[in-house]
Amino acid sequence: MPKFRVFATCHIGDAAENKLRERGYELEVYPGPEAPPKKLIVEKAASGIDGLITTLRDPIDAEVFEAGKGHLKVVAQIAVGFDNINRADANRYRIPFTHTADVLTEATAEFAFFMMGALARKMWPSELEVRENRWGSWHPFLPFLGDEVTGKTIAVIGTGRIGLAMIKKCVGFDMNILCYDPAYQNHQYIAKIQKLMDQRHQSGIQKEQTSIRYVEFEAALRAADYVSVHVPLLREGESDTPTYHLFNEKTLRTMKPTAYLINTSRGPVVSEQAIYRALKEKWIAGAALDVFEREPLPADSKLRDPEIADRLRLYNHFASAGKIPRLDADPDTGMAGRCAQGLIDVLEGSYGGDISKMPYVVNKEAFQASP
Ligand code: GLV
């Protein structure tokens, strides 16, 4: 008899999968790489599994929990974001779900930073000049120029783990930093960053004195040269501070015409229709997007319009995609390891079986003893 039966909607890598098999788990993996149909997830949930491994593209809601009633004990998500999992439904069915925060924080923040540089310094158009043999001669300003990142002002929208890691990287580029977060503000961290900025200036490492502070959303958008988005996707009704279409025609028009938008959070935080207009009509200077309202980006997406290609960089939801952060089987370094460990914790009753104490469980509130 297998110890536990688990269905995974995608591979999480040999190392982490073997770790589960070596513990006597019977693990069935959907071969993918595309997402399994919802119907199949429901069928598998109904088949008597103890655990379900999911990722950000799988819709997990009451239908799945109902099918798993009586035997499904945990959903272990390989991703930090969990907007695909209906938290209220999970709580109603008392199913804990886990995620893989922390291990992808630096990877995601550095990718956001690199996206910003690639966009503003026109690295892709520059490469195309060479690739397509259009590079005529060296010239002081032809065929185009970019904008520097060093010394500019960035608005970091969302100061959770990834936003704070982004801030840390921006300090090294002598940037002024405006922070906005509707739900969570880390004033202690911001004070430490200010101290670091002061030290850099006083010791002569950076020429200009720079600053960091929390401001209102509109003030951040009005003043920033770069706006980097690091909020979770929260739809109307899921939070007092929803983030769905936080970037829309009104808010994009608030940004400076010379400013750039970088999104590594979730696609629906930015209205694609609005960003398309913003780029086409040059309300802003450019955007770099790693996430989209529909993924993969549909073949007929307007975002592929060649007319805006020079000011729009597009990536395949790739920000956390380092080999170690994605695949390492150690829960302290890899999403795969953390996903497997989240599953093990619940199934094997780590932490004395107290789900509210398990570090990777998201919906702890459903398992806390009432006061
Ligand atoms: C990636 O977007 C993640 O949520 O891990």
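**Getting to know the fold and its charged pairs**

Colleague: Let's start with Asp61: what is its relative accessible area, and does that make this residue buried, partly exposed or exposed?
Modeller: Buried means under 20% relative accessible area, exposed means over 50%, and partly exposed lies in between (1.4 Å probe, protein chains only). Asp61 has a relative accessible area of 22%. That value is why Asp61 counts as partly exposed.

Colleague: Thanks! What sort of model am I looking at?
Modeller: Residues are numbered from 1 along each chain as its sequence is written, and side-chain values use heavy atoms, with hydrogens and water left out. Local features need pLDDT of at least 70, side-chain atom pairs count only at pLDDT 80 or more, and totals for chains, interfaces and linings use all residues, since this is a predicted model.

Colleague: Back to Asp61, then. Which residue forms a salt bridge with Asp61?
Modeller: A salt bridge here is a side-chain nitrogen of Lys or Arg within 4 Å of a carboxyl oxygen of Asp or Glu. For Asp61, the closest N and O atoms of the pair are 3.1 Å apart, and the partner is Lys38. The pair links distant parts of the chain, 23 residues apart: Asp61 is in the loop between β3 and α3 (62-67), and helix α2 (residues 38-46) holds Lys38.

Colleague: How many residues apart are Arg87 and Glu365?
Modeller: These two also form a salt bridge, with 2.8 Å between the closest N and O atoms. The pair links distant parts of the chain, with Arg87 in helix α4 (residues 87-92) and Glu365 in the segment after α13 (335-348), and the separation is 278 residues.

Colleague: Now the strands: in which sense do β1 and β2 pair?
Modeller: Helices (H or I, at least four residues) and strands (E, at least two) are DSSP runs, numbered from the N terminus, and two strands pair if DSSP finds at least two bridges between them. Ala8 has Val29 in β2 as its bridge partner. Over four bridges, β1 (residues 5-8) and β2 (residues 26-29) pair in a sense that is parallel.

Colleague: Where is His245 found, and what is its relative accessibility?
Modeller: Look in the loop between β9 (226-229) and α10 (249-254). Leaving aside neighbours within four places in sequence, His245 is in contact (heavy atoms within 4.5 Å) with residues including Pro268 and Glu293. His245 counts as partly exposed because its relative accessibility is 22%.
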